[in-house]
Structures are given as C-alpha cells and as structure tokens.
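Student: I have a structure open and would like to learn how to read it. Could you take me through some features, one at a time?

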Amino acid sequence: MAIIPRVDGKRAYKQVKNASAGPWDVIVIGTGIGGMSCAAALAKKGRRVLMLERHYLPGGFTHMFSRKGFEWDVGVHAMGEMGPGELPARILAWLTGDTVEMVPLGDPFDRFRFHDTEEFGLPDSKAAYVAMLEARFPDEVPRIRRYIRLVDRVCALSKLFFLLKSLPRWTDRMVNGALHLVSTNWWRRTTGEVFDELGIQGKLRTVLSLHWGYYGSVPSESSFPIHALTHSHFWNGAFYPAHGARVFADGLLGTVLRAGGEVLCQAEVGGLLMEGERAVGVTLTDGTTFRAPIVISAAGAKTTVGRIVPESARRSAWGQAILAIPDSPPYICLNLGFEGELEPGDAASANLWLFNTWDSEQKLWDPANSPEPPHILYVSFPSLKNPYHEPGATHRQTGECVTFVPWDLFEQWKDSRRLDRPEAYQSLKAEIEARMLAELRRRLPALMEKLVFCELSSPLTAQHFTNASHGAIYGLQASPQRFTCDHLRSRTPIPGFYLTGVDMASLGVVGGMVSGMLTAASIDPRLYLKLI
Ligand SMILES: Cc1cc2nc3c(=O)[nH]c(=O)nc-3n(C[C@H](O)[C@H](O)[C@H](O)COP(=O)(O)OP(=O)(O)OC[C@H]3O[C@@H](n4cnc5c(N)ncnc54)[C@H](O)[C@@H]3O)c2cc1C
C-alpha cells in the first residue's frame with residue numbers, strides 16, 4: 001500500500017488531468033531527492049515549479065510503502081553529515097522549512113559481523129574510528145595514519161570538484177587542468193590502487209573498505225575519492241529521519257507547493273519539446289505537453305539520455321559518454337515484519353552487516369550459479385530507528401535485508417509486467433527468498449523466531465518503480481570512468497535543459513540533495529551562498 005506524502009494535511013500531488021494552468025518557470029522531471037531538492041531550492045527563490053513523476057507516488061527512492069500494517073523505506077537507512085551545524089543538515093533544514101528531524105543511529109551506527117564471529121563497529125566519531133583501527137591493528141599504525149591523512153586531503157579537494165560540476169564545462173576543464181598540473185588527479189585512481197601504494201593488504205584492507213556497500217563498488221572498481229568521502233560522510237555517525245523517509249517528500253514538496261508549484265504523478269516524460277536547438281518544455285508519453293523556459297531532468301542520467309532527449313543528443317559525444325558508464329549493482333531486498341518483543345542485540349537502531357567472507361572484492365551473490373549463501377547481507381531495522389514508531393500490543397517492528405545480485409539473472413523478464421511476471425521468475429524469487437531466510441535464521445536465530453511477514457523485491461521492482469537502469473541501487477557505478485566523465489554536470493549541450501540527481505554529482509540521499517542544490521545554483525547563482 002502506498003504511503004502518501006502530504007502537505008498541510010492534503011495529498012502533495014495531483015493527476016495530470018487535474019493540472020493547473022501555467023505558466024511554469026521550471027519543469028523538473030522526477031521526484032527523487034535530487035529533483036525535490038532542486039525544485040525546493042528554486043521555489044525558495046520564487047520560481048513556480050512543475051514536477052512530473054512517472055510513478056503513482058512522489059519521492060523516488062525516498063518513498064515508503066506498507067503491507068499488513070508494517071511500513072518500510074526503500075532507499076534510506078543511514079545518512080551522514082546530519083549533526084548540528086554540518087552543511088548538509090543546514091541545507092536540508094532550509095529546504096524543508098526545518099520540518100525534518102534527523103535521529104542518530106547510535107554508537108556504533110554500523111556493525112560488521114564476520115562468519116568467524118569477529119565484529120567491527122563503526123563509531124560515531126573520527127577519533128574513535130582511528131583509535132579502533134589502531135587498537136585492532138597495532139602493527140599497522142603508521143600505515144593507518146598515512147591513510148587517514150590522505151583521506152582528509154582528498155576529501156578537502158573534492159568539494160571544489162563537485163562545485164565545478166555546476167559551472168560551464170570550460171571552467172571545469174581550466175580549473176581541473178591547472179589543479180592536476182600540481183596535484184594528483186585522485187578521481188582516476190581506484191581505491192585498490194591506493195591501498196596497494198600504501199601497502200595496505202589483508203584484513204586491514206577489508207576493514208578499511210567495509211563501507212563499500214554504501215556506494216556499491218568494490219576497491220578494484222571504485223574511484224578513491226568516493227571511498228574517502230564515504231568515510232568522511234560518516235565521521236560524525238549516521239542518522240535516520242524521524243517518522244521515516246516520507247518526511248523528505250512532505251517537507252520538500254511543501255516548499256514547492258507553497259511557492260505556487262505543483263506535482264503531477266503518473267506523468268511519464270517521453271521527450272523534450274524543442275524550439276530549434278532549445279528545450280522549451282516536455283511531452284508526456286500520453287502526448288500531453290507542458291512548457292517552461294527551463295527543464296531539469298532528475299530522472300537518472302541514463303534514463304535522461306536513453307528516453308528523454310532527442311535522438312541527435314543521444315548520439316552526440318555527450319549522450320554516448322553517459323550511456324557508456326556502467327551501472328552500480330542491482331539489488332534484492334527482503335522486507336521483514338516481526339511481532340513479539342525483540343531482544344536487544346541483533347535488532348537495534350544500528351545497521352548490521354553479515355559477512356561470510358574477508359574478500360573485499362566479492363560484490364555479487366549469484367544464487368543461480370552458486371550453492372553458497374549470500375556473502376554479504378545488510379540488515380537494517382527502520383522501526384527501531386524511528387523514535388515515534390508505535391509497536392502496538394503485538395510489538396510490531398520492521399527489518400530490511402539487502403544484497404547485490406547480477407542483472408543477467410533477471411534480464412529475461414525485464415519486459416514482463418509487475419504482478420503478472422512468469423512462473424520461472426516467481427520460482428527464482430521464491431528460491432532466493434528461502435536461501436536468504438535460511439542464512440538469516442542461521443546468523444540471527446532468536447530474532448528470526450519473531451518473523452511474521454516477508455516479501456522480496458527484485459531488480460525488476462526497482463526498475464519498475466524508478467526507471468533505474470538495470471535495477472541499479474545507486475545510479476551510475478562509482479568508478480574512475482564515471483567521475484572523470486566531464487559530461488556529467490548540471491548543464492547539458494541542449495540550451496534550457498539541465499541534469500540533476502545522484503548521477504550528476506555525488507551519491508546517496510545527501511549526494512542527491514547537494515546535486516539538486518548545485519543544479520539550482522547553476523540557474524540561480526544566489527543559491528551558491530547556501531552551499532558554503
Ligand atoms: C535499497 C536501497 C538502500 C539505500 N540506502 C541508502 C542509505 O542508507 N543512505 C543513502 O544516503 N542512500 C541510500 N540509497 C541511495 C539513495 O536512496 C538514492 O541514490 C537516491 O535517493 C537517488 O535519488 P535521485 O533523486 O537521484 O533518484 P531517484 O530517487 O531514482 O529519483 C528519480 C525519479 O525519477 C522518476 N522518473 C524516471 N524516469 C522518469 C520519466 N521519464 N518521467 C517522469 N519521472 C521519471 C523515477 O520514477 C524516480 O521517482 C539506497 C538506495 C536503495 C535502492
């Protein structure tokens with residue numbers, strides 16, 4: 001069942017047939033965190049924004065749903081930089097009119113439990129993290145200190161890197177060109193190469209890369225700065241939105257609506273309306289048109305190039321460079337419902353990562369070709385993170401369990417319809433579900449006795465609801481190819497047409513929100529003041 005975003009007690013969105021007459025200053029395609037943040041920022045500066053969403057609900061990966069009285073988020077489990085005074089926290093408060101309360105997940109906020117029962121917790125301060133590493137690896141202290149110094153240096157340089165993505169391409173080329181004459185272009189290096197250069201091997205290498213699941217690329221694949229930035233993102237711990245991720249749509253769309261904007265759902269954009277070389281609006285797949293002098297796509301870079309822009313742009317160097325970037329991995333998610341008092345321990349506000357391997361290069365679990373259980377299960381308990389959750393007389397709590405799988409397993413059914421997929425797909429899902437549950441029962445026996453509900457989503461589910469390319473969990477792969485592609489920026493070669501969302505700049509909910517702000521600042525430079 002849908003959980004409906006509301007503004008001032010009313011549904012935050014309408015159907016296309018009820019759309020108000022324009023004129024619109026800006027059209028935003030897609031209502032994920034990127035689109036909503038961009039629209040809210042422009043609304044704050046007086047723009048009337050029309051938001052168009054293909055799903056029947058706004059929110060993208062921040063939307064929530066319920067089954068039999070249990071509620072889950074889709075794509076929000078842990079967000080960093082939400083402590084008092086941190087820049088992303090200030091931006092979120094400004095964009096939502098301070099309506100979102102972020103709750104710390106505790107210390108540690110992430111627990112990584114290995115098959116041989118060794119456990120590492122990620123603490124909620126950088127000093128405690130470094131102390132933990134030095135205590136667990138006393139012979140490696142000099143290497144750890146060199147590594148942390150490098151992480152700090154690379155993170156400091158990265159701020160400029162993302163800012164340049166909102167400026168014209170020539171500025172980016174000039175500034176980055178000059179910068180890379182005097183310093184290394186870290187975006188070209190993989191995390192694995194940096195580990196090798198620093199002589200980081202064995203268990204230390206695995207422990208320093210424990211958080212790769214938050215950006216979806218193993219060390220041999222990931223661009224080192226994104227790995228470094230994920231460390232710094234969580235230096236002060238992780239947070240979760242009180243009441244669940246629905247509050248992002250409530251708050252951000254509230255800002256858009258109060259400035260005269262509108263949100264239309266089941267409004268799939270199928271193309272741009274062009275006058276000469278310029279974008280002047282959009283055409284929906286049902287033929288309806290809307291006009292505005294500025295059009296922004298927050299629908300994902302590959303979806304934008306593959307389904308929205310004219311053929312000439314798709315075939316241009318810009319379009320081809322974007323389409324050539326691989327996706328982040330597809331994922332499956334078991335949504336779990338528990339009843340009965342959960343013993344503290346396994347189930348907590350902190351996330352639990354169950355590893356069956358010390359090999360930090362093992363990315364995908366291939367249930368069709370491997371008899372092994374999943375090598376990683378990420379288990380999160382949304383209701384235990386939410387201080388306002390009411391468990392009721394039966395002590396209801398929710399869990400989510402995620403792992404990465406190959407797209408090839410599901411590709412054959414990509415054109416089938418949701419709720420009407422063939423028997424073979426259903427039986428693969430049933431097998432995957434049974435094997436994930438068996439592994440959860442083996443690792444968390446007491447907790448799993450309280451399980452009363454479960455439902456598996458596949459990469460086809462993600463593709464169905466968000467148009468995610470190949471059911472990708474985090475958009476484009478976080479690799480050197482992605483971050484050295486200077487076509488990925490707010491401005492596109494089509495005048496009047498912009499890009500935003502996680503593919504434009506950085507990943508995750510905070511990455512998407514900042515990308516939204518950067519694109520909005522490309523259009524209204526006064527917004528740069530909010531980014532410092
Ligand atoms: C299982 C999972 C767990 C995650 N956990 C975390 C986490 O703990 N912390 C974190 O920071 N991040 C997490 N993420 C990542 C994060 O949620 C997403 O990367 C981010 O929300 C994406 O935002 P976006 O706005 O770029 O894209 P999306 O949320 O994908 O929004 C794009 C929107 O565009 C719409 N659209 C597409 N095509 C069209 C079209 N033609 N016309 C109209 N609309 C269209 C889609 O329906 C969608 O609503 C997680 C993601 C997943 C899937």
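Student: Is A324 buried or exposed?

Tutor: A residue is called buried if 20 or more other C-beta atoms lie within 10 Å of its own, exposed if 12 or fewer, and partly exposed in between, with C-beta atoms placed from the backbone. A324 has 10 C-beta neighbours inside 10 Å, so A324 counts as exposed. A324 lies in the loop between α12 (317–323) and β17 (331–338). Before we go on: this is a predicted model, where local features need pLDDT of at least 70, side-chain atom pairs count only at pLDDT 80 or more, and totals for chains, interfaces and linings use all residues. Residues are numbered from 1 along each chain as its sequence is written.

Student: Which residues of α17 are buried?

Tutor: P459, L460, T461, A462, F465 and T466 are. Helix α17 (residues 459–466) is thus mostly covered, with six of its eight residues buried. Those buried residues pack against β17, α14 (408–411) and β21 (451–457). Just after α17, N467 has a positive phi of about 70 degrees.

Student: Now to pairs of helices. How do α1 and α19 cross?

Tutor: Axes are lines fitted to C-alpha atoms, for helices over the stretch in contact, and angles run from 0 to 180 degrees between N-to-C directions. Here the axes of α1 (residues 33–44) and α19 (residues 508–523) come within 7 Å and cross at roughly 40 degrees. Because of that angle, α1 is oblique to α19; under 35 degrees counts as roughly parallel, over 145 as roughly antiparallel, 65 to 115 as roughly perpendicular and the rest as oblique. The crossing of α1 with α19 is right-handed, a term used when the near helix is turned clockwise from the far one by less than a right angle, with left-handed for anticlockwise.

Student: Which residues do α3 and α4 use for their contact?

Tutor: Let me start with the geometry. The axes of α3 (residues 126–136) and α4 (residues 141–164) come within 9 Å and cross at roughly 155 degrees. That makes α3 roughly antiparallel to α4. In the contact, V130, L133 and E134 of α3 meet V141, I144 and I148 of α4. By class, these are five nonpolar, no polar and one charged; Ala, Val, Leu, Ile, Met, Phe, Trp, Tyr, Cys and Pro count as nonpolar, Asp, Glu, Lys and Arg as charged, and the others, Gly among them, as polar.

Student: What are the domains of this protein?

Tutor: Domain bounds come from an automatic or database domain assignment. The protein is divided into domain 1 (6–100 + 243–325 + 476–531), domain 2 (106–237) and domain 3 (331–470). The centres of domain 2 and domain 3, taken over C-alpha atoms, are separated by 27 Å. Their contact takes 18 residues from domain 2 and 14 residues from domain 3.

Technical notes. Helix = DSSP H or I, 4+ residues; strand = E, 2+ residues; numbered from the N terminus. Contact = placed C-beta atoms within 7 Å.
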